[in-house]
Amino acid sequence: MPAIETSALTKRYGDDVLAVDDLELVVEDGEIFGFLGPNGAGKSTTINMLLDFVRPTTGRATVLGHDAQEEADVIRERIGVLPEGATLYDRLTGREHLEWVIDTKGADEDPDALLERVGLEPEDGDRSAGGYSKGMQQRLGFAMALVGDPDLLILDEPSSGLDPTGMQGMREIIAAEADRGTTVFFSSHILGEVEAICDRVGIMNAGRLVATGTLDALRADLDLDASITLEVERVPDALIGDLEAREDVRSVTVDDSRITVSCAATPVKYDVVTAAGEVADVRDIVSEDTSLEQLFNTYTNSERTAAGDADAGRAEPPDAVEEVSA
Ligand SMILES: Nc1ncnc2c1ncn2[C@@H]1O[C@H](COP(=O)(O)OP(=O)(O)OP(=O)(O)O)[C@@H](O)[C@H]1O
């Protein structure tokens, strides 16, 4: 049974804004799923529908096999949530927040152990959350999400406001949670973070899910250049001519002793290295994968598109919406 499944899930705000458009999303049990998309793509609205904070206009969603609208209470007992901009009570201390969630969930965790896990000191736990910095609020919100060993973590922009150490700590906790079988579904703008920890991603644009799959599979599916740079003792003219003549080579540039070859597909890089090795003394090789930025921009057209005008500026990458498997 998938951890999350949506069927034709749609949310309109008024007549003009189509925030989420006919979403068919499956997040498998036990995976770390990154939910990507530019500002206004519909990520938070989707998460809010999964949590029954927002009612769908049409369509439905199930979370851990339960209907997100009909059985929200059952779902809430089994999930941990870090909403966008964690809402805290200014007058309660960090520890009191945790005690409240532990109590509500009938869990038996030690609040201080949770504080420590997210990098907050015991003294921080004694302070009112109203005096917390944004990063401290985020850490506390994350600790609250971890209470009760949830089966599913739903995190909306979890690294928002965190410093690099905080981000690293958060990634380690996500990995540890996934290791013990927790499904993690999180939205993010931070592509490096997604690349570092996700098993699979879904990319939203203008309310539509435009791609899902592993990053490797999405990369392979796009017809983006794969670039390789060779540092050679001396550049043989014949090699450049031969490379330029190949149909699977898009461009060749020479800068002193460096040859940069833009290939139509990743395996062509191997042919380039082999050809160079036969006629030149190759000193160094730098191979660049399609960056996640390139991938993201290709799927989202790198432009902010007005929700409600779902076709405006939307990328039409190959196999959009289809699952791409590695
Ligand atoms: N309560 C609301 N009333 C009207 N429009 C809304 C409401 N909430 C969201 N929207 C609109 O729905 C669209 C999707 O917004 P949403 O917050 O889901 O995007 P997002 O992908 O989470 O963006 P971000 O990355 O900026 O958080 C946007 O056009 C937004 O303005």
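**Around the ligand**

Guide: By class, the shell around the ligand holds 5 nonpolar, 6 polar and 1 charged residues. Keep in mind that this is a predicted model.

Visitor: How many residues surround the ligand, and which are the closest?

Guide: The ligand is surrounded by 12 residues. The closest are Tyr 13, Ala 19, Asn 39, Ser 44 and Thr 45. Two elements give two or more residues to this shell: β2 (17–23) and α1 (43–50).

Visitor: Which element gives the largest share of the shell?

Guide: That is α1, with 3 residues.

Visitor: Let's stay on α1. How many of its residues are buried?

Guide: In α1, 7 of the 8 residues are buried, so the helix is largely enclosed by the rest of the structure. The buried ones are Lys 43, Ser 44, Thr 45, Thr 46, Ile 47, Met 49 and Leu 50. Ser 44 and Thr 45 are also among the residues closest to the ligand.

Visitor: What follows α1?

Guide: Asp 52 follows α1, and its phi is positive, near 60°.

Visitor: OK, zoom out. How many helices and strands does the chain have?

Guide: The protein chain has 12 helices and 16 strands. Its C-alpha atoms fill a box of roughly 75 × 50 × 35 Å along the principal axes. Of its 326 residues, 40% count as buried.

Visitor: What share of the contacts comes from residues 24 or more positions apart?

Guide: Such pairs account for 71% of the contacts with a separation of 6 or more.

Visitor: Domains next. What are the bounds?

Guide: The domain assignment gives domain 1 as 2–219 and domain 2 as 223–288. Their centres, taken over C-alpha atoms, are separated by 44 Å.

Visitor: Now packing. How many residues are in the largest nonpolar core?

Guide: It has 66 residues. Val 63, Ala 143, Ile 154 and Phe 185 have the most contacts inside it. Helix α6 (residues 134–146) gives the most to this core, with 7 residues. Another core lies apart from it, with 11 residues, among them Leu 230, Val 261, Cys 263 and Val 272.

Visitor: Pick Ile 154. What does it touch?

Guide: Leaving out residues up to four places away in sequence, Ile 154 touches Ile 47, Leu 50, Leu 51, Ile 79, Val 81 and Phe 185. Of these, Ile 47 and Leu 50 are buried residues of α1.

Visitor: Why call β9 largely enclosed?

Guide: Because 6 of the 6 residues of β9 (residues 183–188) are buried.

Visitor: Which strands pair with β9?

Guide: Strand β4 (residues 32–36) pairs with β9 in the parallel sense over 5 bridges. There, Ile 32 has Val 184 as its bridge partner. Strand β8 (residues 152–156) also runs parallel to β9, joined by 5 bridges. On that side, Leu 152 stands opposite Thr 183.

Visitor: Is the pairing of β10 and β11 parallel or antiparallel?

Guide: Antiparallel: 5 bridges join β10 (residues 200–205) to β11. Val 201 stands opposite Gly 213 in β11. The two strands form a hairpin with 2 residues between them. In the turn, Ala 206 has a positive phi of about 50°. As for β11 (residues 208–213), 6 of its 6 residues are buried, so the strand is largely enclosed by the rest of the structure.

Definitions and conventions
Residues numbered from 1 in each chain as written. Predicted model: local features only at pLDDT ≥ 70, side-chain atom pairs only at ≥ 80, totals over all residues. Near = placed C-beta within 6 Å. Helix = DSSP H or I, 4+ residues; strand = E, 2+ residues; numbered from the N terminus. Nonpolar A, V, L, I, M, F, W, Y, C, P; charged D, E, K, R; others polar. Buried ≥ 20, exposed ≤ 12 C-beta atoms within 10 Å, placed from the backbone. Pairing = 2+ DSSP bridges. Domains from an automatic or database assignment. Core = buried A, V, L, I, M, F, W, Y, C linked by C-beta atoms within 7 Å. Contact = placed C-beta atoms within 7 Å.
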